[in-house]
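Subject: Structure handover

Hello,

Here is the structure I promised you. Please open it and keep it on screen while you read the notes below.

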Amino acid sequence: MTTPLTLAPGRGPDGAARLAVGGEIDMSNAGRLAEALDSRPGPLVVDLTEVDYLDSAGLSVLFAHAERLELVVPPLLEPVLTVSGLATLATVHRRSGARDEPQG
C-alpha cells in the first residue's frame, strides 16, 4: 500500500513556482516527489508544512534538487533538514503563523 502523499503545483503571490506537499514522504512514494520536482525546472519553492513524515528516500530526492529549492518547513522537520545537512544546501524557511521565517 502506498503512503498518502499530495502534490499541488502552483504559483506563489510573487509568481514564483511553488509545490505544496502533504502527507508522508517515504520510499513508497519518493518517486512521485522526484517526478514533480523534475517537471518544474528552475527555482522552486517547496512547501513541506503539511508533511508529517520524511525518511531518507525523501531526503535523497530533495538533496538531488537542493541547489534550486527554497523549502518551507514546519518546526517538526527543521531538525531533520539541519542534521542531514540539507539546510546548508537549500534555502530553508520555518513556517510559523501567517508568514515564513528565514532560517540560517
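A salt bridge is a side-chain nitrogen of Lys or Arg within 4 Å of a carboxyl oxygen of Asp or Glu. Keep in mind that this is a predicted model. A search of the whole structure finds two salt bridges. In one of them, the side chains of Asp 47 and Arg 18 meet at 3.4 Å, N to O. This pair links distant parts of the chain. Asp 47 sits in strand E3 (residues 44-54) and Arg 18 in strand E2, 29 residues apart. As background, side chains of opposite charge can pair when their charged atoms come close.

Now the strands. Strand E1 (residues 5-11) pairs with strand E2 (residues 17-25). The pairing is antiparallel and runs over seven bridges. Look for Ala 8: its bridge partner in E2 is Ala 20. E1 and E2 form a hairpin, with five residues between them. In the turn, Gly 15 has a positive phi of about 90 degrees.

Next, the helices. Helix H1 covers residues 30-38, and helix H2 covers residues 56-64. Their axes are 9 Å apart, and the packing angle is about 15 degrees. Angles under 35 degrees count as roughly parallel, so H1 and H2 are roughly parallel to each other. Their crossing is right-handed.

Which residues of H1 and H2 meet? From H1 come Ala 30, Leu 33, Ala 34 and Leu 37. From H2 come Ala 57, Gly 58, Val 61 and Leu 62. Seven residues of this contact are nonpolar, one is polar and none is charged.

Best wishes

Terms used. Residues numbered from 1 in each chain as written. Predicted model: local features only at pLDDT ≥ 70, side-chain atom pairs only at ≥ 80, totals over all residues. Heavy atoms only, no water. Axes fitted to C-alpha atoms, helices over the stretch in contact; angles between N-to-C directions. Helix = DSSP H or I, 4+ residues; strand = E, 2+ residues; numbered from the N terminus. Parallel < 35°, antiparallel > 145°, perpendicular 65-115°, else oblique. Left-handed = near helix turned anticlockwise from the far one by under 90°. Contact = heavy atoms within 4.5 Å. Nonpolar A, V, L, I, M, F, W, Y, C, P; charged D, E, K, R; others polar. Pairing = 2+ DSSP bridges.
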